[in-house]
Amino acid sequence: MILVTGTDTGVGKTFVTVSILKYMRNIGRNICALKIVETGCRPICEDARKISAVCKESIDPIYSFKTPVAPSVATEIENKEISIEKIKERILSFSKNYEETLFEGAGGLLVPIKGKYTFLDLTKELNMEVLVVALNKLGVINHTLLTVKVCQLEGVNVKGVILNHRGDVDESSRTNYKTLKDLLNVPVYFFSKPEDVKTFVHLIFPE
């Protein structure tokens, strides 16, 4: 079980998740993904919709909210409850149906799901590994180093960092990849188009 987390919101977690799913399923691997909590569903949960389309089955988020804020905040605004036990049970049940499973978080690793309970807490309790998605722009070095450092301090295995490139956002985009590779002791992969997934997917999911 792998949690797909981001260094921030809007960095391309779903784009990366869907690209991995498409490639792996096309080569015959039994893999699927689940969005744990999705906010900003007005009314459609777009991330879950994209995942469902690739997996060819309807896979709703475990919890969904209309308000585009952290899950714990959305519960207060919309007067709803989140059960951590339900989330854990659903993740474990879902993972039994596939050879490999990806679970997409909301925002970054320390985003609170309920109260002070974060995606990091969930990851540790379920012994999940982490795939970090980072957007290739100014500021990504600090955000990525912090995310990886927290994982390592908390005993969470980082499968790799995927640097998602959407074009030359700023001057830093030309040097971020090399800098992160030099500074990190985990694999760093450059990702600018769906075809790039084949350069690293077998390293993340060995035969």
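This is a predicted model: local features need pLDDT of at least 70, side-chain atom pairs count only at pLDDT 80 or more; totals for chains, interfaces and linings use all residues.
Q: Is strand S2 buried or exposed?
A: Buried means under 20% relative accessible area, exposed over 50%, partly exposed in between (1.4 Å probe, protein chains only). Strands (E, at least two residues) and helices (H or I, at least four) are DSSP runs numbered from the N terminus. In S2 (residues 31–35), 5 of 5 residues are buried. Ile31, Ala33 and Lys35 point one way, and Cys32 and Leu34 the other.

Q: Which strand is joined to S2?
A: Strands pair if DSSP finds at least two bridges between them. S2 and S5 (residues 100–108) run parallel and are joined by 5 bridges; alanine 33 has leucine 102 as its bridge partner in S5.

Q: How are two packed helices described?
A: By the angle between their axes and the distance between the axes. The axes of H6 (residues 140–153) and H7 (residues 176–183) come within 10 Å and cross at roughly 30°. The two helices are therefore roughly parallel (angles under 35 degrees).

Q: Where does threonine 147 lie, and what is it in contact with?
A: Threonine 147 lies in H6 and is buried, at 11% relative accessible area. Leaving aside neighbours within four places in sequence, threonine 147 is in contact (heavy atoms within 4.5 Å) with Thr7, Leu109 and Val132.

Definitions and conventions: Residues are numbered from 1 along each chain as its sequence is written. Side-chain values use heavy atoms; hydrogens and water are left out. Axes are lines fitted to C-alpha atoms, for helices over the stretch in contact, and angles run from 0 to 180 degrees between N-to-C directions. Angles under 35 degrees count as roughly parallel, over 145 as roughly antiparallel, 65 to 115 as roughly perpendicular and the rest as oblique.
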